[in-house]
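Take a look at the model below. This report visits a few places in it, one by one.

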Amino acid sequence: MSTKGVAVQDESGRPGSRVEGAAPRPPAGRARVDLPRRLARLAVGLPLFSLGLAMMLNAGLGLSPWDVFHQGLALRTGLPFGVVVIGAGVVVLALWIPLRQRPGIGTVLNIASVGVLTEAALTVLPEPAHPAARAAFLLAGLLINAIGLGLYLGAGLGPGPRDGLMTGLAARGWTIRRARTGVEVGVLAIGWLLGGTVGIGTVLYAVGIGPLLQVLLPRLSGPPHPRDHEPAAAALGGALDPPPDRRDRRGAPITAAPQQRRPAPLAPPVPSPTPLHSGEVPMPVLHVIVASTRPGRLGPAVARWCTDVAVDHGGFEVRTVDLGELALPFLDEPEHPAAGRYRHQHTKDWSALVDSADAFVFVMPEYNFGFNAVVKNAVDFLYSEWHYKPVGFVSYGMTSGGLRAVQMLKQVVTTLKMSPVTEAVSIPFVSEQIQDGVLLDDPARTAACTRMLDELGRLSAALAPLRSERVPS
C-alpha cells in the first residue's frame with residue numbers, strides 16, 4: 001500500500017503492517033479477433049529483442065547470464081559452445097513440462113529468428129570504443145531488449161525457450177520481476193561457479209531485465225488489464241487457436257485468464273463435476289484474490305493451495321490476484337465508483353481486471369474480529385464491475401478460522417450485487433498447518449473447497465445473462 005498502516009494482529013497471532021507491492025502481472029491470451037495485432041506485436045518484438053542483444057554484445061561489458069552459464073558448462077565438459085547452447089535449450093524445454101508450459105508460434109519464431117536477427121544486427125552496428133559509448137550501448141541495448149521482450153511476450157503467442165521458465169513461474173503466482181530476476185541470477189550464479197566470465201553488463205542484465213519487464217509488459221500488451229502468461233493447455237494466449245471472443249461491459253475484448261498450475265497437489269485430487277461449459281463456450285474466469293498484504297503473511301500459501309484445487313476442479317480458467325502486488329492506494333478517485341469515470345491508471349487497471357472475471361474466491365485473514373482494511377479498500381474502488389458475480393471465501397485465522405471476517409464482508413459484497421455462496425473453507429490455527437510455505441494436506445478441506453467451486457460454477461452460469469446485460473453506469 002502507498003500509505004503506512006499501524007501494526008495489527010491477525011488470527012495467526014503474528015503482528016504485521018501494510019506493505020507496498022509490485023506491479024501487475026503480464027497478459028495472457030487474446031480473442032481470435034485480436035490475432036492480427038498479436039502477430040504485429042510479435043513481428044516487431046522479436047527484431048527489437050535481437051537488436052538489444054546485439055547492442056549489449058557490441059558494448060563488450062559482459063556476456064548475458066545464459067551465455068555465462070553456457071561458457072562455464074563448455075569449460076567443464078569440454079564440449080563445443082554451440083553444442084552446449086543446443087543441449088541447454090533442450091533441457092530448458094524439458095523443464096516446461098512440470099511448469100505446464102506449451103510452445104506456440106512465438107516459441108517457434110523465437111528459436112528460428114533470434115539468432116539470425118542478432119547476427120544481422122551485429123554486422124551493421126558499430127563497435128563503440130570509448131567507455132562512455134560502451135556504457136550507453138549497454139543501457140540502450142538493455143532497454144530495447146526489454147521492450148522487444150515485452151512486445152513479443154505480450155502478444156500471448158508463446159514464449160521463447162528460456163522465457164518459458166519465467167512465464168511458467170508467473171503462472172504459478174510469482175511476479176514477472178521476481179520470476180525473471182530469479183531465473184537470470186540463478187543461471188548467472190551457476191555459470192560463474194562453473195568458470196564463466198562475468199562482466200558489469202552481465203550483472204546489470206541479470207538484476208535489471210526483470211524490473212524493466214514488470215513495468216513494460218502491461219503497457220506493451222494492449223488492453224485489457226495485464227494477465228498472467230498461460231501455462232499448459234492455454235498456451236500463453238491460445239497460440240494457434242485463441243479462445244472465443246469475450247467482451248467486457250465497455251465492449252472491449254477480454255483476455256482468457258490462464259490456468260495456474262503447480263506440481264501435483266498435496267491432497268489427493270477430488271473428482272471434478274461435469275464441466276459447465278462445452279464446445280465454443282469459454283470457461284468461466286475465476287480470480288483467487290489474496291487479501292492480506294503484511295510482511296510474513298500466510299495468505300499466499302493458502303491461495304496457492306486454493307488455486308491448485310481450482311485448477312484440478314477443471315471448471316474454471318484460474319488466476320491468482322495478489323492485493324499486495326497490486327499496491328492500490330487508499331481510495332483516491334474524486335467521483336463515485338458507480339459513475340465509472342476513473343481518473344487514475346491504477347483504478348482503470350483494477351477495473352479491467354475485475355471486469356474480466358466471472359467469479360471470485362477471497363482468501364482472507366481475520367484481523368481483530370473483522371476483515372482487513374486492504375480488501376475493503378480494493379472492493380470500494382469499483383462498483384458495477386462486481387455485479388452479478390458469485391463469490392466464495394477461504395478464510396484463515398486462529399480458533400474461528402476467520403469466519404467473523406467472512407460474515408462482515410458478505411454484507412459488503414451483497415450491496416454490490418454479488419452472490420456469496422454458502423459453501424466455504426475455514427482454516428483454524430493456520431500457522432500450525434503451513435510448513436516451508438506450503439499448506440499441509442487435508443482431504444476434508446480439499447473436499448470443502450471443491451464443493452464451494454461446484455456452487456461457484458453453477459451460479460456463474462446462472463448469472464451469465466445478467467452479466468452480459470450490464471452497461472457502464
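## A buried asparagine

This is a predicted model. Start with N145, which lies in helix α5. Is N145 buried or exposed? Its relative accessibility is 0%. The cut-off for buried is under 20%, so N145 counts as buried.

Which side chain makes a polar contact with the side chain of N145? The partner is Y205, at 2.9 Å. Beyond its neighbours within four places in sequence, N145 is also in contact with L48, F49, G52, L53, M56 and I209.

## The largest pocket

Empty space is found by rolling a probe the size of a water molecule over the atoms. The largest pocket has a volume of about 910 Å³. Its lining counts 34 residues. Nearest the centre lie L53, D67, V85, V114 and R162.

Which helix gives the largest share of the lining? That is α4, with seven residues. Several helices supply at least two lining residues each, among them α1 (35–59), α2 (65–77), α5 (131–154) and α8 (200–220). By class, the lining has 18 nonpolar, 10 polar and six charged residues.

## Aromatic rings

Two numbers describe a pair of aromatic rings: the distance of the centres and the angle of the planes. The model has seven aromatic pairs. In one of them, F360 and W386 have ring centres 5.1 Å apart and planes at 55°, so this pair is tilted. F360 sits in strand β5 (residues 359–365), and W386 sits in the loop between α13 (373–380) and β6 (390–396). The pair therefore ties together parts that are 26 residues apart in sequence. F360 is buried, with a relative accessible area of 0%. W386 is buried too, with a relative accessible area of 0%.

W386 also pairs with F362. Here the ring centres are 6.3 Å apart and the planes are at 35°, so the pair is tilted. F362 is in strand β5, 24 residues from W386, and the pair links distant parts of the chain. F362 counts as buried, at 1% relative accessibility. Which residues form one aromatic cluster? They are W350, F360, F362, W386 and F393.

## A tyrosine in a loop

Where does Y342 lie? Y342 is in the loop between α11 (323–326) and α12 (345–355). Its relative accessible area is 11%, so Y342 is buried.

The side chain of Y342 makes a polar contact of 2.7 Å with that of E385. Y342 and L382 are 40 residues apart in sequence. In space, their C-alpha atoms are 9.4 Å apart.

Conventions. Residues numbered from 1 in each chain as written. Predicted model: local features only at pLDDT ≥ 70, side-chain atom pairs only at ≥ 80, totals over all residues. Heavy atoms only, no water. Helix = DSSP H or I, 4+ residues; strand = E, 2+ residues; numbered from the N terminus. Buried < 20%, exposed > 50% of the residue type's maximum accessible area, 1.4 Å probe, protein only. Polar contact = N/O pair within 3.5 Å; in protein donor to acceptor, adjacent residues only side chain to side chain. 1 Å grid on protein atoms, 1.4 Å probe; cavity = no way out; pocket = protein on both sides within 12 Å on 5 of 7 lines; lining within 4 Å. Points joined across faces, edges and corners; volume = space filled by probe spheres on them. Nonpolar A, V, L, I, M, F, W, Y, C, P; charged D, E, K, R; others polar. Contact = heavy atoms within 4.5 Å. Phe/Tyr/Trp six-rings, centres within 6.5 Å; stacked < 30°, edge-to-face > 60°.
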